[in-house]
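Here is my notebook from a first look at this structure.

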Amino acid sequence: MHGSKVKTVKAQIASFAVSATSRQKGAYAVEFAFVFIIFFLVLYGMITYGLIFAAQQSMNFAAESGARAGLQWQAGSTSLTVRAQRALAVAADHTGWVNQMAGGNKLKIAVCNGNPATALAVQNLAAGENLCQQTDPNMLEIVIRYPYAASPLVPYLGPVSILSVAVPQMLESRS
């Protein structure tokens, strides 16, 4: 009698161990799903903000380089429009990757001098649109504007209204 009790207790313990492992089979999948969602959102945020900061820094560098190029002596010409065209070309060259990632023709670039109503050279500006603020005729200003909310570098996940709080509406650089 004593031997049969031991066998039944061993059988009960063995059946409990088997049922315990079978109850745990889906737990790893559920835990992975929760951890993956959090991990993915953190990774998405890092990529999004990394590209925003890279685009802003690239635009700052392009505006500075464009201003330097516009101030350099242009052989054979003393015209400000020639200098402005050179400044525009340099600024557009340095921001080409941002414009390409945004879908093309999204960056607006203006080279201004003295008259805020008219720019010396422009790229992708609509009629009547003005980016210039410079009123000193002895200074050259390069303005680069990128409407990030209209064409983000990384597509939005989820409702746009929620993400519009977290990402900038406009990126702008002046030099």
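I began with asparagine 105, which I found in the loop between helix 4 (96-102) and strand 1. My helices (H or I, at least four residues) and strands (E, at least two) are DSSP runs, numbered from the N terminus. Asparagine 105 has a positive phi of about 55 degrees, although it is not a glycine. Is asparagine 105 buried or exposed? I looked it up: asparagine 105 is exposed, at a relative accessible area of 58%. Here buried means under 20% relative accessible area, exposed over 50%, and partly exposed in between, with a 1.4 Å probe and protein chains only.

A note on sources: this is a predicted model, where local features need pLDDT of at least 70 and side-chain atom pairs count only at pLDDT 80 or more, while totals for chains, interfaces and linings use all residues. Residues are numbered from 1 along each chain as its sequence is written, and side-chain values use heavy atoms, with hydrogens and water left out.

Next I checked asparagine 124, in the loop between strand 2 and strand 3. Its phi is near 60 degrees, a positive value in a residue other than glycine. Asparagine 124 counts as partly exposed, at 30% relative accessibility.

I found 4 strands forming an open sheet in the order 2-1-3-4, with antiparallel pairing. The edge strands are strand 2 and strand 4 (171-174), and each pairs on one side only. I count two strands as paired if DSSP finds at least two bridges between them. Strand 1 and strand 3 run antiparallel and are joined by 5 bridges. Which residue of strand 3 is the bridge partner of lysine 108? I found arginine 145 there.

My last entry is on helix 3. How far apart are the end C-alpha atoms of helix 3? They are 21 Å apart, which agrees with the 21 Å that the 15 residues of helix 3 (residues 80-94) should span at 1.5 Å a residue. The expected span is 1.5 Å times one less than the number of residues. The buried residues of helix 3 are Arg83, Ala84, Ala87, Leu88, Val90 and Ala91. They sit on the same side of helix 3, because they cover an arc of only 165 degrees around the axis; the arc is that of the directions from the helix axis to the C-beta atoms. I also noted what these buried residues pack against: helix 2 (27-71), strand 1 (108-112), strand 2 (121-123) and strand 3 (141-146). Contact means heavy atoms within 4.5 Å.
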